[in-house]
Number of protein chains: 2
Amino acid sequence: MKLAVLGAGAVGRSVADLAGEYGHEVTALADSTSAAVDSEGIDVAAALAEKDEAGRVGSAAPEDALDTEYDALVEATPTTLGDAEPGFGHVRAALEADHHVVLANKGPVAERYADLRELERDSEGRVRFEATVGGAIPVLSTVESYGPDTISAARGVLNGTANFVLSRMAAEGLGYEHVLAEAQDLGVAEADPSFDVNGTDAALKCVILANVLGDREYSLDDAEVEGIAELPGNALELAGEDGRTVRLIGEATPEGVRVGPRLVPENGTLAVSGTRNIVQLETDHAGRLNLSGRGAGGPETATAVLADVNRLGD
Amino acid sequence: MKLAVLGAGAVGRSVADLAGEYGHEVTALADSTSAAVDSEGIDVAAALAEKDEAGRVGSAAPEDALDTEYDALVEATPTTLGDAEPGFGHVRAALEADHHVVLANKGPVAERYADLRELERDSEGRVRFEATVGGAIPVLSTVESYGPDTISAARGVLNGTANFVLSRMAAEGLGYEHVLAEAQDLGVAEADPSFDVNGTDAALKCVILANVLGDREYSLDDAEVEGIAELPGNALELAGEDGRTVRLIGEATPEGVRVGPRLVPENGTLAVSGTRNIVQLETDHAGRLNLSGRGAGGPETATAVLADVNRLGD
């Protein structure tokens, strides 16, 4: 398949880099100010080198990326809230031109799900977004093939940064600010980690899960969200004395979407360590499924994007 | 889709029972001596009641099941080794008539993979077999969508009976024979549990994984298999003193297929308890994925079968 990749951050770069290995071709790669475009397939290595050296991926304008030949748009620009622009506009342009869309950007799926599905209904193209929930973990494709109607709830650890901070705090007895600074040094937390530690990122993923599972459309405004920054200093210590620990748990249930710090058994399934994510699906006929793996990272998220591209090719 | 279900054990019964909920219709249900057949859809409840009361599912002969109208054959007769008959013959008949095939029966996939794929190549029908590995756990569909070439190895706990026995022995300090008898009382182990405890069942699943992942075709003869019956009495105790325990671990790697009791960390990911199964996939670009859930049982395995039917409908 021919792919137009929008966004040249960690995910977009990795998608472009790995596309060939999956048998696909990149006909456009754009960042916010430039693009490399060639309907016969761009030279990905050259574009990524130019990005590193000159801060741009090519000599074309970003808007040229969607004018070239492609089968699927890969939307990997940063997640934005509210109207989810400019991502939503990219998705609209691709679907109106009857192309497929694969999203790594959570905004359009979490904030404008009804609009997204309406555009899809009027298009020959289909929309997929495995990468928006749990990174490399095949959560949404499992929901899809098991049938959303047969899954009553989803819950799990959906933010690797918050999980890294909580597991380090518990294991080493260190304070929140100290561990967060360490996470920033390691590149595990961003310079502005607020979406990760205040629960927004996990909530967006749970909203997406709720939209896929549910009878009504959710957006971030419908979610009840609490982060980890205000966790009392002794909460982890008290939990530990009782064989438990604290994790930032997100839930999508028929009652709605909730994210917050919760007590979980110290050696239990939900107490994944480091940056790992886990999702538990409660099925009607097959009990509980646990799916865990790397919830973020360029190649990890790109793997989920390319798995979606593979599914579109079936 | 119209389904012809062969086999009226726990899995076949559950497939027939749940098919309607997934939007499908059962046009035939057969056990080894009888069948219920109706091209407009059989009365599943009546057929299952007749099975309970009179030991047969209907007044037709089993071979009539494949003469009716159906889109997909569900092969859920007992797994047999070697030539994998009669299951393989059923699969051949369906594919030669250009119907799809969904297997819960491991025999044709583990023992005659090359033959199976050759029949599929010459057919309009496609073959799927998610239910043959890990019950309800979406192992093979994950391998498929991630691309078998990008997964270097699979390993895990693939037999719930053996795992139940080992986890009870470790938790309660009880002997093998005692726990096995208890498992039989609970219906967790069959009257003849040899395939479960001698590693054959786990090995068949690993052979299937190796066939899907691999460059060459395996059968049970190629697997190196050791069971749990000969585990020294003090092995679990010694492991426990060291923070470890024993699990029957199956592996499909580029080096081949191996099944045997292995030491694993007591609170580690592989040490699932009771009848749960877990599969770890080593991916090239996304690290390790852990998938766990119920590895056996009628509704659980039927869920995997019906997920395959859903995928065929895409």
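What follows is a dialogue on salt bridges and on the relation between the chains in this predicted model.

Q: What is the general idea behind a salt bridge, and how many salt bridges does the count come to over all chains?

A: Side chains of opposite charge can pair when their charged atoms come close. Applied to this model with a cut-off of 4 Å between the side-chain nitrogen and the carboxyl oxygen, the count comes to 42 salt bridges over all chains.

Q: Which residue forms a salt bridge with Glu120(B), and where do the two lie?

A: The partner of Glu120(B) is Arg117(B), and the closest N and O atoms of this pair are 2.7 Å apart. Both residues belong to helix H5 of chain B, which covers residues 113–121, and they are three residues apart, or about one turn of the helix.

Q: Is Glu120(B) buried or exposed, and how is Arg117(B) classed?

A: The class is read from the relative accessible area, where under 20% means buried and over 50% means exposed. Glu120(B) is buried because its relative accessible area is 16%, whereas Arg117(B), at 23%, counts as partly exposed.

Q: Which residue forms a salt bridge with Arg168(B)?

A: Arg168(B) forms a salt bridge with Glu182(B), with 2.6 Å between the closest N and O atoms. This pair links distant parts of the chain, since Arg168(B) lies in helix H7 (residues 160–172) of chain B and Glu182(B) in helix H8 (residues 176–186) of chain B, 14 residues apart. With a relative accessible area of 25%, Arg168(B) is partly exposed.

Q: What are the accessibility classes of Glu300(B) and Arg294(B)?

A: These two residues form a salt bridge whose closest N and O atoms are 2.9 Å apart. Glu300(B) is buried, at 10% relative accessible area, while Arg294(B) is partly exposed, at 37%. Salt bridges can also share partners, and in chain A they join Arg128(A), Glu130(A), Glu144(A), Asp308(A) and Arg311(A) into one network.

Q: What rotation superposes chain A on chain B?

A: Chain A is superposed on chain B by a rotation of 180 degrees, with 0.0 Å of shift along the axis and an RMSD of 0.0 Å. That is the relation of a two-fold axis. Among the residues of chain A, Leu291(A) comes closest to the rotation axis, its C-alpha being at 2.4 Å.

Technical notes:
Residues numbered from 1 in each chain as written. Chains lettered and ligands numbered in written order. Predicted model: local features only at pLDDT ≥ 70, side-chain atom pairs only at ≥ 80, totals over all residues. Heavy atoms only, no water. Helix = DSSP H or I, 4+ residues; strand = E, 2+ residues; numbered from the N terminus. Buried < 20%, exposed > 50% of the residue type's maximum accessible area, 1.4 Å probe, protein only. Least-squares fit on C-alpha atoms with pLDDT ≥ 70 in both.
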